[in-house]
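Please read the points below with the sequence and the coordinates open beside them.

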Amino acid sequence: VVVVGDVSGKGMGAALLMSSTLSSARVLYDTCHDPAELVTRLNDVLQRSTDPGRFVTLFVGCLDPASGELHYCNAGHNPPYVLGGGPPRPLDATGIPVGMMERYPYAAATAVVGPGETLALYTDGIPEAMRGLELFGDERLLACLGEVERAADLAQASRSLLAQVATFAADT
């Protein structure tokens, strides 16, 4: 199970909401084997206990390493990409961010991460990194992700991407 999320806002309130979201997700994924059910139940919990206007974008995926089958729910999060053997394949949203609407019916989708392919997950901090009024953007992100196949390992690929974002943003 992999969970990546991003909470609206900044500061202590946002940090507490993310902490609560992750704690609730940990409890739920012991009993919810379907990512859409997990996100639906998590949405109901957060909807009841979160201030209006607060929400969490969330990607929850269950990967079967033997088959490469990834069953996922993408609640308004930036699209992860499957990399390798051609152009990056985005895993689009299957629902709205968590905490926005009571009893929202989240859906799941399935993708395959084949041998030698990489699942790239990230938050909006990368494409929304700024230099003045210019965003790092999706095109630069995709160019960096294209370099993943040439990296010696995933740690190097991650360091390279973060270094390119830091160089772009310079002292901003």
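**Notes on the model**

1. Met130, Leu133 and Leu135 together make a nonpolar surface patch of about 330 Å². Such patches are made of residues with over 30% relative accessible area and no salt bridge, nonpolar side chains (Val, Leu, Ile, Met, Phe, Trp, Tyr) being joined within 5 Å and like charges within 9 Å; a salt bridge is a side-chain nitrogen of Lys or Arg within 4 Å of a carboxyl oxygen of Asp or Glu. Areas come from the Shrake-Rupley method with a 1.4 Å probe, and for residues only the protein chains shown count as cover.

2. This is a predicted model, in which local features need pLDDT of at least 70 and side-chain atom pairs count only at pLDDT 80 or more, while totals for chains, interfaces and linings use all residues. Residues are numbered from 1 along each chain as its sequence is written, and side-chain values use heavy atoms, with hydrogens and water left out.

3. Leu135 is partly exposed, with a relative accessible area of 42%, on a scale where buried means under 20%, exposed over 50% and partly exposed in between.

4. Three strands form an open sheet in the order β5-β4-β7, with antiparallel pairing, and its edge strands, β5 (89-90) and β7 (118-120), each pair on one side only. Two strands count as paired if DSSP finds at least two bridges between them; β4 (residues 81-83) and β7 have three, in the antiparallel sense, and Tyr81 has Ala120 as its bridge partner in β7.

5. Which residues does Thr118 contact, leaving aside its neighbours within four places in sequence? They are Tyr81, Val82, Leu83, Val113, Val148 and Leu154, where contact means heavy atoms within 4.5 Å. Thr118 lies in β7 and is buried, with a relative accessible area of 18%.

6. Strand β3 (residues 69-75) pairs with β6 in the antiparallel sense over four bridges, and the bridge partner of His71 in β6 is Thr110. In a regular strand the side chains alternate between the two faces of the sheet. Strand β6 (residues 109-112) has Ala109 and Ala111 on a covered face, with Thr110 and Val112 on an uncovered one.

7. The count of disulfides comes to zero, a disulfide being taken as a pair of cysteine sulfur atoms within 2.5 Å. As for individual cysteines, Cys62 is partly exposed, with a relative accessible area of 23%, whereas Cys144 is buried at 7%.

Definitions and conventions:
Helix = DSSP H or I, 4+ residues; strand = E, 2+ residues; numbered from the N terminus. Buried < 20%, exposed > 50% of the residue type's maximum accessible area, 1.4 Å probe, protein only.
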